[in-house]
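Let's take a walk through this protein together.

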Amino acid sequence: MGGKKLDNTSSNGNGTNADDNNNNNSNNGAPPPATVRQSPVINLDRGDPSVFEPYWKKNGGKCTITISGHESLSYFSDPHSVCWYMEPELQEAIRRVHRIVGNARTEGYHVVVGTGSTVLFQAALYALSSSSAAVAQPMKVVCAAPYYSQYKEQVELLQSRLYEWGGDAKTYDDEDKTAPFIEVVTSPNNPDGSLREAMVANKTENGGKLIHDLAYYWPNYTPITRPADNDIMLFTLTKCTGHAGSRIGWALVKDVAVAQKMTSFMQITTIGVSKDSQLQAAKILQVVADDCESKAGAFGYGGDDADRTFFGECRKVMAGRWEKLREVVKGKDVFGLPKYPKRYCNFSGRYFQPAPAFGWLECKEGCDASALMKANNVLTRGGETFGASNRYTRITMIGREEEFDCFLERISGIHCVDEDKDKDKEGEEGLVVILDNNGDAHRGNGDSNGHGNWLHEVK
């Protein structure tokens, strides 16, 4: 076979070559170096924000709260509020942080709190679809690909008669241009980090209904160019401060009727949100806000003042990881990454490139990128789950440092081999192949009969 192959002689993360596995070693009886199959599996599939753990280990003592046994007994927090179970301290902290960062308007908006932003997404779908005039069929829910992989799962989970998954917004075609639909806009986008606007909501007669997922619109990931002022905006403590385990998300909702319906959804499904988690989240956001205000210069934030805040320190960590990843990918003929232009950040007072929470890695040779990563014991989320090609895969940039560095070490050893020029390497152990019809990637050069297709072969 002619063409290119991927030489997969990556390191196992322990300083040894992944393919230097022979028994003819002279290490004073020590076992041979581990192959990549024997090395630990690195899970870069999930978006668990442990990247911020070092910051909170240094500063977490400021977030300590005490909750007495007689507190949090009632379901109610503020019976006169639209979101009656929301603690006033949390609402105040949410509005304060947005005002300081400048990433969203809160004046004239109602705040609805949920157990993370996932349940708020469901609440928004319910509120928008049940608020519409009765229709003969469920409302379509669309999002431009590549879209967050769990949108489709969340829409289809309840098999609702109110709404159903409509797929890629780029290909959505409403024949009569009047059928109601819901478009989800994720900006910055998960998985590719791009800034987005509505694709189809402005092209139909009724305009469609919009949900803006702005979970990553914080200065630790992207420049804050303007305060968002969309009808429904979803945020989460998980991506803002890294406290995924607290399970706190919030929606800023312009229409009071929609906010009331979202609150009704929460009431029916969970009867509110844990007050303990709300109070902890309020304290965390207050600490972040105090930190920002204490380090603001006489004329507001700018330069070093913003860099010393929580968001500034975390942005430097994220930018450092992206610099490392681009350095590994740079000059290789295997992988590609999106390019992000520098933008002016109103919070930091300077231009900088986005440093998204996920890397949208492309295998230039057209092979299954997720399978290639799996062959190197790195778990990622393949492009097909995001409505894209399998030559893309998503890797988390917000995991633990040791896992990320080990990942860089492994992919740094993967490079293209030209079969026509390097025929002597065709039989080397370490080339990635597909040995079965399921597309599972394995190391080696086919079976003993020479069967098996090169995973990365360009035809």
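Just past the end of helix 6, Ile271 takes a positive phi of about 50 degrees. Keep in mind that what you're looking at is a predicted model. Let's follow the helix back from there.

Helix 6 covers residues 256-270, which makes 15 residues. From its first C-alpha to its last it reaches 21 Å, close to the 21 Å expected at 1.5 Å a residue. At its N-terminal end sits a cap, Asp255, with a side-chain oxygen 2.8 Å from the backbone nitrogen of Ala257.

Which residues of helix 6 are buried? They are Val258, Ala259, Met262, Thr263, Phe265 and Met266. Look down the axis of the helix and you'll see these buried residues fall within an arc of 150 degrees, so they line one face of helix 6. There's a general point behind this kind of pattern: an α-helix has 3.6 residues a turn, so residues three or four places apart point the same way. And what do the buried residues of helix 6 pack against? Their partners are strand 3 (110-114), helix 3 (116-131), strand 8 (232-236) and strand 9 (249-253).

Pick out Phe265, which is found in helix 6. With a relative accessible area of 12%, Phe265 falls under the 20% cut-off, so it counts as buried. Setting aside residues up to four places away in sequence, Phe265 touches Val119, Gln122, Ala123 and Tyr126. The C-alpha atoms of Phe265 and Ala127 are 7.9 Å apart, although 138 residues separate the two along the chain.

Now zoom out for a moment. The protein has 11 helices and 20 strands, and 51% of its 459 residues count as buried. Take the contacts with a separation of 6 or more: residues 24 or more positions apart account for 71% of them.

Next, the rings. A search of the whole structure turns up 24 aromatic pairs. In one of them, Phe310 and Phe311 have ring centres 5.1 Å apart and planes at 70 degrees, so this pair is edge-to-face. Phe310 has 0% relative accessibility, so it counts as buried. Phe311 is buried too, with a relative accessible area of 1%.

Phe311 also pairs with Phe347: here the ring centres are 5.9 Å apart and the planes stand at 85 degrees, so that pair is edge-to-face as well. This one links distant parts of the chain, since Phe311 is in helix 9 (residues 310-329) and Phe347 is in the loop between strand 11 (343-345) and strand 12 (350-352), 36 residues apart. Buried or exposed, these two? Both Phe311 and Phe347 are buried.

Elsewhere, the charged end of Arg315 sits over the ring of Phe352, at 4.2 Å from its centre.

One last stop is Thr186, found in strand 6 (residues 181-186). A relative accessible area of 2% makes Thr186 buried. What does the side chain of Thr186 make a polar contact with? It's the side chain of Tyr151, at 2.7 Å. Leaving out neighbours within four places in sequence, Thr186 is in contact with Cys143, Tyr151, Ser194, Arg196 and Asp213.

Definitions and conventions. Residues numbered from 1 in each chain as written. Predicted model: local features only at pLDDT ≥ 70, side-chain atom pairs only at ≥ 80, totals over all residues. Heavy atoms only, no water. Phe/Tyr/Trp six-rings, centres within 6.5 Å; stacked < 30°, edge-to-face > 60°. Buried < 20%, exposed > 50% of the residue type's maximum accessible area, 1.4 Å probe, protein only. Helix = DSSP H or I, 4+ residues; strand = E, 2+ residues; numbered from the N terminus. Lys NZ or Arg CZ within 6 Å of the ring centre and 35° of its normal. Expected span 1.5 Å × (residues − 1). Arc of directions from axis to C-beta. Contact = heavy atoms within 4.5 Å. Polar contact = N/O pair within 3.5 Å; in protein donor to acceptor, adjacent residues only side chain to side chain.
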